[in-house]
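Open the model in your viewer and keep the selection tool at hand. This tour goes stop by stop, from whole chains down to single residues.

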Amino acid sequence: MKLNHIIKAQQFDRKSLDDIFLVASQMEKIALKGGSNILHGKTMATIFYEPSTRTRLSFEAAMLKLGGELISTENAREFSSTAKGESLEDTIRIVGSYADVIVLRHFESGAAERAAKVSPVPVINAGDGPGQHPTQALLDIYTIKKEIGKLDGISIAMVGDLANSRTVRSLAYLLTKYNNIKVYFVAPDVVRMRGDIKNYLTKHNVFFAEETDLKKVSSQVDVIYQTRIQKERFGENLDDFEKAKDKYIIDKDILKVMKKNAIIMHPLPRVNEISIEVDSDPRAAYFRQAQNGLYIRMALLKMILVG
Amino acid sequence: MKLNHIIKAQQFDRKSLDDIFLVASQMEKIALKGGSNILHGKTMATIFYEPSTRTRLSFEAAMLKLGGELISTENAREFSSTAKGESLEDTIRIVGSYADVIVLRHFESGAAERAAKVSPVPVINAGDGPGQHPTQALLDIYTIKKEIGKLDGISIAMVGDLANSRTVRSLAYLLTKYNNIKVYFVAPDVVRMRGDIKNYLTKHNVFFAEETDLKKVSSQVDVIYQTRIQKERFGENLDDFEKAKDKYIIDKDILKVMKKNAIIMHPLPRVNEISIEVDSDPRAAYFRQAQNGLYIRMALLKMILVG
Amino acid sequence: MKLNHIIKAQQFDRKSLDDIFLVASQMEKIALKGGSNILHGKTMATIFYEPSTRTRLSFEAAMLKLGGELISTENAREFSSTAKGESLEDTIRIVGSYADVIVLRHFESGAAERAAKVSPVPVINAGDGPGQHPTQALLDIYTIKKEIGKLDGISIAMVGDLANSRTVRSLAYLLTKYNNIKVYFVAPDVVRMRGDIKNYLTKHNVFFAEETDLKKVSSQVDVIYQTRIQKERFGENLDDFEKAKDKYIIDKDILKVMKKNAIIMHPLPRVNEISIEVDSDPRAAYFRQAQNGLYIRMALLKMILVG
């Protein structure tokens with residue numbers, strides 16, 4: 001299967017997800033052997049209008065592992081022609097004439113879709129503002145499959161800043177592709193999951209419930225997906241932030257009640273919402289999850305550039 | 001022909017321009033076939049004291065397409081030892097001991113020439129303040145030759161911020177190498193072409209005229225070279241800027257009067273000075289022009305590093 | 001010999017220094033021949049929390065000369081997840097899952113050691129705040145050996161901002177590995193060498209003296225190691241800075257009294273503390289010293305990644 005633009009989680013069906021996961025598992029083996037040369041002569045441009053060193057380095061490492069080349073800008077918003085008034089469309093047209101694939105991070109929802117419309121080469125959305133972050137969703141699903149062994153029938157607690165997390169939104173979209181999923185939202189009042197996602201789950205017959213007792217939920221689910229409370233979204237309301245930030249922490253007490261084969265995930269970066277005492281527990285899957293990002297991105301680049 | 005430092009448009013004669021254009025057209029074919037490996041083992045340093053993501057990525061893509069390697073800094077002014085008081089000369093001496101060629105962008109006119117004086121390796125001027133931007137001039141001339149089929153005898157309208165555009169200055173220098181050129185300057189009063197360029201054209205027997213009626217001029221010329229009114233040059237005089245910015249716009253009305261085989265060029269970025277309705281007209285050559293920058297830079301790197 | 005983390009100058013004994021210098025001299029030959037491919041398929045991450053374009057480019061050029069690949073961030077402090085509250089440890093764990101070696105520059109003393117504790121791959125300290133800069137110390141010692149022909153028995157004047165220079169501190173540690181070293185400190189009063197280094201030298205039986213007459217000292221030593229007075233360390237006390245800055249300048253008068261085979265070193269950047277009239281004297285070794293940094297870093301990367 002050859003892929004083109006990667007804009008949003010919903011664009012994938014179960015079949016194409018299976019294909020991507022198969023290629024990703026091949027990529028794990030290639031990475032272990034030190035990489036390959038199948039993207040020799042191909043150039044990836046990373047155009048980041050807002051900083052995300054981690055995501056950028058993950059894409060760049062994936063491209064290099066497959067023998068490809070990079071051109072890159074870490075802060076397109078401040079430094080590129082954007083500051084002089086150039087439209088995203090013009091920037092993409094130009095960069096698309098230099099590169100074989102563009103990885104775009106932007107601060108506006110819908111930017112990746114606008115870019116794809118004019119780009120002469122495939123565009124990968126690496127996060128567009130409050131919109132989507134589809135490669136994160138793919139690596140999340142891939143991690144669940146690898147760790148739990150299946151996707152149908154799993155139960156997952158989404159915890160933390162559900163209102164503002166692009167990550168849990170994209171993940172929720174992807175989970176609707178699977179059967180008998182149970183989703184539990186555990187969020188401080190000020191950052192509860194928004195209606196659009198709840199409606200989407202309802203429409204796709206996915207069970208969900210809003211819960212307040214993290215300990216109880218933690219004892220029942222296969223996956224705890226923790227997220228950081230995003231201070232930058234609270235503006236002046238720092239009181240609200242302070243209250244929200246310490247409400248749901250994953251620590252040793254949560255570990256005690258969790259199922260033996262359950263896992264803890266987190267899109268990272270984490271601040272205090274997972275205690276570092278948890279890191280050494282085998283159920284702490286978040287660093288393995290980050291590593292899976294490398295394999296998923298290698299798979300996508302291969303499927304886009306050589307099919 | 002082996003090239004060394006590339007500092008200003010005037011350094012090239014007709015013969016060397018022909019050589020560069022011949023190599024550039026070979027580079028187009030190489031780029032289409034996915035690149036080559038002739039610069040394997042060579043390293044290019046891009047040292048940019050002021051941001052220009054587009055120019056930097058164009059040089060970097062050119063180097064990669066020929067199999068070379070990159071070291072790069074996007075904002076040398078703020079982050080390098082310059083902030084600690086180091087001279088440009090010292091920086092160039094050091095970087096020149098790491099790299100095989102230095103691409104320099106600087107905020108001061110004459111910086112590239114100063115760098116070339118001490119550099120152990122060739123220096124390419126990628127814009128020095130209000131000074132020159134010779135690779136842009138080369139790609140502009142190359143574009144005219146490709147699109148119009150000749151350079152002798154052409155007529156060109158230079159439109160917009162002629163006082164501050166490094167690009168039109170460098171282009172004017174290069175046009176004097178050709179015969180029977182006619183140049184029309186169409187600029188808002190506050191940003192008219194400066195005397196030094198007019199004197200240079202006079203001295204080299206190039207016809208020029210200052211015009212105010214863009215429509216009339218557009219109906220007569222082979223090339224309309226539009227430029228952005230550079231807000232950053234107006235300081236406090238935002239009234240002047242506002243008046244200048246909307247004075248000469250290329251839109252459908254201009255398309256209607258243009259000759260069938262004429263073209264519209266622009267060094268980009270553009271803001272509103274070319275309406276996007278113009279983009280789909282085959283005479284809109286500005287995105288092809290940007291692409292030509294890749295081939296010209298590939299040609300220069302080859303001619304500098306391997307001859 | 002295979003190396004692992006490179007954290008501080010003291011970690012090396014005389015034998016391992018000899019090994020590194022032997023490999024570095026092989027690297028000089030490889031660099032002259034245009035590089036090699038022994039690090040093909042290996043990726044180096046440069047994670048810089050404070051800017052140091054020179055050091056970063058030196059490491060990157062070294063990696064490229066050996067056929068390796070790069071992922072890089074120039075300003076991790078401002079742009080990475082650090083701004084969102086992520087710990088250095090988490091960042092290193094993630095980046096270590098993408099790269100084969102991490103080059104870390106950080107603003108806090110001890111950061112490299114903390115990173116090494118959690119990193120899945122070797123960490124090279126490229127400067128940690130007021131702490132250490134071990135690769136600079138290695139290239140300094142290597143330069144002395146190459147230029148003077150020996151290390152035992154040499155006399156060295158350390159001049160300038162001895163209180164704040166990470167470089168002279170690391171160099172002092174390394175000098176204790178050799179016999180009959182004589183060290184002269186020549187510093188403005190406000191930035192005299194600190195007690196910890198003096199105690200370390202005393203403990204290791206290295207002769208040192210504090211002097212005030214640069215001319216007299218210059219006539220006696222094999223090496224003058226000049227450093228920049230670091231304005232940024234003076235805070236509000238700009239009077240103190242102004243007085244310190246012009247106190248000890250290396251100029252033609254110093255050249256006149258220096259021994260014929262002595263050398264002048266400087267970690268660069270320099271401002272006014274070495275007059276540019278000195279540059280053309282064969283005893284001015286500072287640009288050769290910078291070039292040696294490339295060979296030392298090539299050697300370290302080879303010894304870390306392939307042994």
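Do the copies meet through the same or through different surfaces? Keep that in mind as you color by chain. The model is predicted. Only 13% of the interface residues of chain C are also interface residues in chain A, so the copies meet through different surfaces.

**Stop 1**

Select chain C and chain A.

**Stop 2: where chain B meets chain C**

Show chain B and chain C together. Here 23 residues of chain B are in contact with 26 residues of chain C. The area buried between the two chains is about 2200 Å². Carbon and sulfur atoms give 54% of that area.

Now look for charged pairs. There are three salt bridges between chain B and chain C. Select B:Glu86 and C:Arg54 to see a salt bridge between side chains, at 2.4 Å from N to O.

Which elements of chain B supply at least two residues each to the side that touches chain C? Select strand 1 (43–48), strand 2 (69–73) and helix 4 (88–96) of chain B. Strand 2 of chain B gives the most, with five residues. Color the side of chain B that touches chain C by residue type: seven residues are nonpolar, nine are polar and seven are charged.

**Stop 3: helix 4 of chain B**

Stay in chain B and zoom in on helix 4. Seven of its nine residues are buried, so helix 4 is largely enclosed by the rest of the structure. Select B:Leu88, B:Asp90, B:Thr91, B:Ile92, B:Ile94, B:Val95 and B:Gly96 to see the buried ones.

What do the buried residues of helix 4 of chain B pack against? Within chain B, the partners are strand 1, strand 3 (101–106) and helix 5 (111–118). From chain C come helix 2 (53–65) and helix 12 (286–305).

**Stop 4: where chain C meets chain A**

The contact takes 23 residues from chain C and 26 residues from chain A. These chains bury about 2200 Å² between them, 54% of it on carbon and sulfur atoms.

The count of salt bridges between chain C and chain A is three. Select C:Asp90 and A:Arg270: they form a salt bridge, with the closest N and O atoms 2.6 Å apart. On the chain C side, strand 1 (43–48), strand 2 (69–73) and helix 4 (88–96) each supply at least two residues. The largest share, five residues, comes from strand 2 of chain C.

**Stop 5: A:Thr227**

Select A:Thr227, in the loop between strand 8 (223–226) and helix 10 (238–245) of chain A. Is A:Thr227 buried or exposed? At 2% relative accessibility, A:Thr227 counts as buried.

Show the side chain of A:Thr227. This side chain reaches the backbone oxygen of A:Val159 at 2.7 Å. The side chain of A:Thr227 also reaches the backbone nitrogen of A:Asp161 at 3.0 Å. Residues that A:Thr227 touches include A:Ser165, A:Val168, A:His266, A:Pro267 and A:Glu273.

**Stop 6: a cis bond in chain A**

Move to the loop between strand 9 (263–265) and helix 12 (286–305) of chain A, where A:Pro269 lies. The peptide bond from A:Leu268 to A:Pro269 is cis, with omega near 0°. A:Leu268 is found in that loop too. Phi of A:Leu268 is near 60°, a positive value in a residue other than glycine. A:Leu268 is buried, with a relative accessible area of 10%.

Switch to chain C for another cis bond, from C:Leu268 to C:Pro269.

**Stop 7**

Select C:Asn205, in the loop between helix 8 (195–203) and strand 7 (207–211) of chain C. C:Asn205 has a positive phi of about 55° although it is not a glycine. With a relative accessible area of 71%, C:Asn205 is exposed.

End in helix 12 of chain C, at C:Ile296. At 0% relative accessibility, C:Ile296 counts as buried. Among the residues that C:Ile296 touches are C:Ile20, C:Phe21, C:Ala24 and C:Tyr142.

How values were computed
Residues numbered from 1 in each chain as written. Chains lettered and ligands numbered in written order. Predicted model: local features only at pLDDT ≥ 70, side-chain atom pairs only at ≥ 80, totals over all residues. Heavy atoms only, no water. Contact = heavy atoms within 4.5 Å. Buried area = accessible area lost by both parts, 1.4 Å probe. Salt bridge = Lys/Arg side-chain N within 4 Å of Asp/Glu carboxyl O. Helix = DSSP H or I, 4+ residues; strand = E, 2+ residues; numbered from the N terminus. Nonpolar A, V, L, I, M, F, W, Y, C, P; charged D, E, K, R; others polar. Buried < 20%, exposed > 50% of the residue type's maximum accessible area, 1.4 Å probe, protein only. Polar contact = N/O pair within 3.5 Å; in protein donor to acceptor, adjacent residues only side chain to side chain. Lists of a residue's contacts leave out its neighbours within four places in sequence.
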